[in-house]
Amino acid sequence: MTDTQIESPVSEPGASDFVQLLKPRVMSLVVFTALVGMIVAPAHLPPVTAFTAILFIALGAGASGALNMWWDADIDAVMKRTARRPIPAGKVQPGEALGFGLALSVASVLMLGLATNLLAAGLLAFTIFFYVVVYSMWLKRSTPQNIVIGGAAGAFPPMIGWVAATGSVSVEAWLMFALIFMWTPPHFWALALFMNADYDAARVPMLTVTHGKKVTRRHIIAYTLLLVPVSLALGFTPIGGMVYLVTSALLNAGFVLGAVMILRRDEEMAQADKYKVEKKVFTFSLAYLFLHFGALLVEASLRAFA
Ligand code: HEM
Ligand SMILES: CC(C)=CCC/C(C)=C/CC/C(C)=C/COP(=O)(O)OP(=O)(O)O
């Protein structure tokens, strides 16, 4: 982190500033995917243990968000989308965010280990490390492949949920990982197409900045096409089924269509309608992931009542 443009504190930080450090909106999808990973697993935890485990996975994810905001405060201060975050806004001091993030990281890993098992705790620790050190500190500022590799961090939560319940990793857990891993690039690049100015100003080497939007549009369709077989494959495992397969086929058709529309547009067309299609595809990407995991949940309930 460098010491650019971070205002000195204007007031005592409030609880809501610390909640913001946890990146709660992104956390919501992390918690949901972890919960589904836990519920669809073949072994089940007692309800109180399951609730405790999800709470600590959520806190671990939040802790990594706080550490990311501590490290990226200089970038966040420059970007319009992030300038009002607690550190650049001067509401929380960098040292406070660092202490908060470290304390929560240690506590969440220890507590998950005590509540469930060592492998789940180890995976949570590795995920926090991957997001903070590998993605934020290393890749984000050094390569346009940052989000492709770094996206692995966001792909671990369902596997952590699964391992918390079963104590081991399996093909289904890897496929849930692969689904999020392949989904992350089109999810992020759709957004980068209309947020490019922010990354350009902050000199973050996102693909849109280093290779331009035309190349990014091509990358979106390529990764979306790779996502299709990966997402459908889950439907043929013991946690899949017809409901999942039909849902996945429809969602994939929608995502591929969106990616094709993005590919066929140039910058002039996108600017003319204020990136309407790119914005829709970004929103659709969130629904895509949510509904895939939702369909897994439906399959689990059908099995439970069969
Ligand atoms: C390295 C990988 C990723 C990058 C670079 C990325 C980037 C972003 C960015 C920049 C936003 C806009 C946030 C805002 O408006 O403040 C966003 C939104 C979002 N992302 Fe991602 N994302 C990544 C992976 C993920 C993963 C793995 C998940 C969950 C499984 C996720 C869930 C979400 C959600 C739920 C939102 C919407 C939040 C809102 O309502 O504003 N993202 N993402
Ligand atoms: C269990 C656990 C530890 C999970 C956490 C992993 C996680 C949610 C990773 C998601 C990656 C993510 C939201 C990147 C945002 O990029 P960015 O940080 O560059 O975005 P920004 O510009 O909004 O800060």
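Into which domains is the protein divided? Hi everyone, let me start there. The protein splits into domain 1 (14-167) and domain 2 (170-306), with bounds that come from an automatic or database domain assignment.

A word on ground rules. This is a predicted model, so local features need pLDDT of at least 70 and side-chain atom pairs count only at pLDDT 80 or more, while totals for chains, interfaces and linings use all residues. Residues are numbered from 1 along each chain as its sequence is written, chains are lettered from A and ligands numbered from 1 in the order in which they are written, and side-chain values use heavy atoms, with hydrogens and water left out.

Now, how do the two domains meet? Their C-alpha centres lie 21 Å apart. In contact terms (heavy atoms within 4.5 Å), 31 residues of domain 1 touch 35 residues of domain 2. About 2800 Å² is buried between domain 1 and domain 2, 81% of it on carbon and sulfur atoms; buried area is the accessible area (1.4 Å probe) that two parts lose on being put together, summed over both. Of the area that domain 1 buries against domain 2, P144, I147 and W162 supply 20%, more than any other three residues.

On to ligand 1. Both domains give residues to its shell, so ligand 1 lies between them. The shell has 18 residues, the closest being R25, R81, T184, H187 and L191; to be near, a residue needs a heavy atom within 4 Å. By type, the shell divides into 12 nonpolar, four polar and two charged residues. Here Ala, Val, Leu, Ile, Met, Phe, Trp, Tyr, Cys and Pro count as nonpolar, Asp, Glu, Lys and Arg as charged, and the others, Gly among them, as polar.

Which helix gives the most to this shell? That is helix 10, with seven residues. Helices here are DSSP runs (H or I, at least four residues), numbered from the N terminus.

H187 lies in helix 10, and its NE2 is the single protein donor to the iron atom of ligand 1, 2.2 Å away. Donors are N, O and S atoms within 2.8 Å of the metal (3.2 Å for Na, K and Ca), and water is not among the atoms, so sites may look incomplete.

Finally, ligand 2. Its surroundings also come to 18 residues, with K23, R85, Y131, Y135 and K140 the closest. The side chain of Y131 places an N or O atom 2.7 Å from an oxygen atom of ligand 2, and for K140 the distance is 2.7 Å. Thanks, everyone!

Key. Helix = DSSP H or I, 4+ residues; strand = E, 2+ residues; numbered from the N terminus. Polar contact = N/O pair within 3.5 Å; in protein donor to acceptor, adjacent residues only side chain to side chain.
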